[in-house]
Amino acid sequence: MEFSQSDFDRLLLSEHNRKTAEANYAKDPLDADNLTRWGEALLELSHFYVLSSPKKIINEAISKFEEALVIDPAKHYTLWSLGNAHTSCGFLTADLSEAKGDFDKASECFQRAVDEEPTNELYQKSLEVSTKAPELHMELHKHGINQQTLGGGSSASNAQSSKKKSSDLKYDIFGWVILAVGIVAWVGMANSRIPPPPAR
């Protein structure tokens, strides 16, 4: 995976946010806002580890969000972030029944966020879209399987074409996951108090 300069900057910023949240946690483990920022940083970092272990990092983010909700169960932004983490985890799971469990958890989180903040359009839209996640997951995986089983041409060109199409599908799926994570990170960064970078 090649990084552009902006990707590298996002990686550094996310890692900085993770380390800052970890240090703040050592000082005050009952700060729900800090735990939410920590989870957001982990969720953002997860898409930089697409080829290794994004689900492991997403599960760490989920644990931070859940810990924040133990402290403040009505924290609607944390509920929304937890829903996004479950959605990301679902799209990274090949088995639909297992992924459906993640999508159901995401819908529940989005519903709770809407219940806490009924006027928030982003929460409402997330809840609406979450009901379509299993269909999208099924279509993406069905599309990938159908591409792999299409015939025609020589076996060498079929293998190469199938490999390219399968790779394209993976990038499409990861693109949607990255978009969801990017939205979470963008909102989180907009809410955080990061000092401006020094002038060069």
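Here are some questions and answers on how the terms apply to this predicted model.

Q: What kind of model is this, and how are its residues numbered?
A: This is a predicted model, in which local features need pLDDT of at least 70, side-chain atom pairs count only at pLDDT 80 or more, and totals for chains, interfaces and linings use all residues. Residues are numbered from 1 along each chain as its sequence is written, and side-chain values use heavy atoms, with hydrogens and water left out.

Q: How many helices and strands does the protein chain have, and what makes a stretch count as one?
A: A helix is a DSSP run of H or I with at least four residues, a strand is a run of E with at least two, and both are numbered from the N terminus. The protein chain has eight helices and zero strands, which gives the pattern α-α-α-α-α-α-α-α along the sequence.

Q: Why is leucine 35 called buried?
A: Buried means under 20% relative accessible area, exposed means over 50%, and partly exposed is in between (1.4 Å probe, protein chains only). Leucine 35 has a relative accessible area of 0%, so it is buried. Across the protein chain, 40% of the 200 residues count as buried.

Q: Which residues does leucine 35 contact, leaving aside its neighbours within four places in sequence?
A: Contact means heavy atoms within 4.5 Å. Leucine 35, which lies in helix H2, is in contact with Tyr25, Pro29, Lys64, Glu67, Ala68 and Ile71. The C-alpha atoms of leucine 35 and alanine 68 are separated by 5.5 Å, although the two are 33 residues apart along the chain.

Q: Why does proline 29 count as partly exposed?
A: Its relative accessibility is 36%, so proline 29 falls in the partly exposed class. Proline 29 sits in the loop between helix H1 (5-27) and H2. Setting aside neighbours within four places in sequence, proline 29 is in contact with Leu35, Glu67 and Ile71.

Q: How do you know that the length of H2 agrees with its number of residues?
A: The expected span of a helix is 1.5 Å times one less than its number of residues. For the 15 residues of H2 this should be 21 Å, and the end C-alpha atoms are 21 Å apart, so the two agree.

Q: What makes H2 "mostly covered"?
A: Of the 15 residues of H2, 13 are buried. At the start of H2, a side-chain oxygen of aspartate 31 comes to within 3.1 Å of the backbone nitrogen of aspartate 33.

Q: What makes a set of residues a nonpolar core, and which residues have the most contacts inside the largest one?
A: A nonpolar core is a set of buried Ala, Val, Leu, Ile, Met, Phe, Trp, Tyr and Cys residues joined through side-chain atoms within 4.5 Å. The largest has 27 residues, and those with the most contacts inside it are Leu43, Ile58, Phe65, Trp80, Leu82, Ala85 and Tyr123. Helices H2 (32-46), H3 (54-71), H4 (76-91), H5 (96-116) and H6 (121-130) each supply at least two residues of this core, and the largest share, seven residues, comes from H3.

Q: Which residues does alanine 85 touch, not counting residues up to four places away in sequence?
A: Alanine 85 touches Leu43, Ile58, Ile62 and Phe65. Apart from this core lies another, of five residues, among them Ala99, Phe103, Ala133 and Leu140.

Q: Why is serine 126 called buried?
A: Serine 126 has a relative accessible area of 13%, so it falls in the buried class. Serine 126 is found in helix H6.

Q: What makes the pairing of serine 126 with tryptophan 80 a polar contact?
A: A polar contact is a pair of N or O atoms within 3.5 Å; within protein, one must be able to donate a hydrogen and the other to accept it, and residues adjacent in sequence count only if both atoms are side-chain atoms. The side chains of serine 126 and tryptophan 80 make such a contact at 2.8 Å.

Q: Why is methionine 138 called partly exposed?
A: Its relative accessible area is 44%, so methionine 138 is partly exposed. Methionine 138 is placed in helix H7 (residues 133-149).
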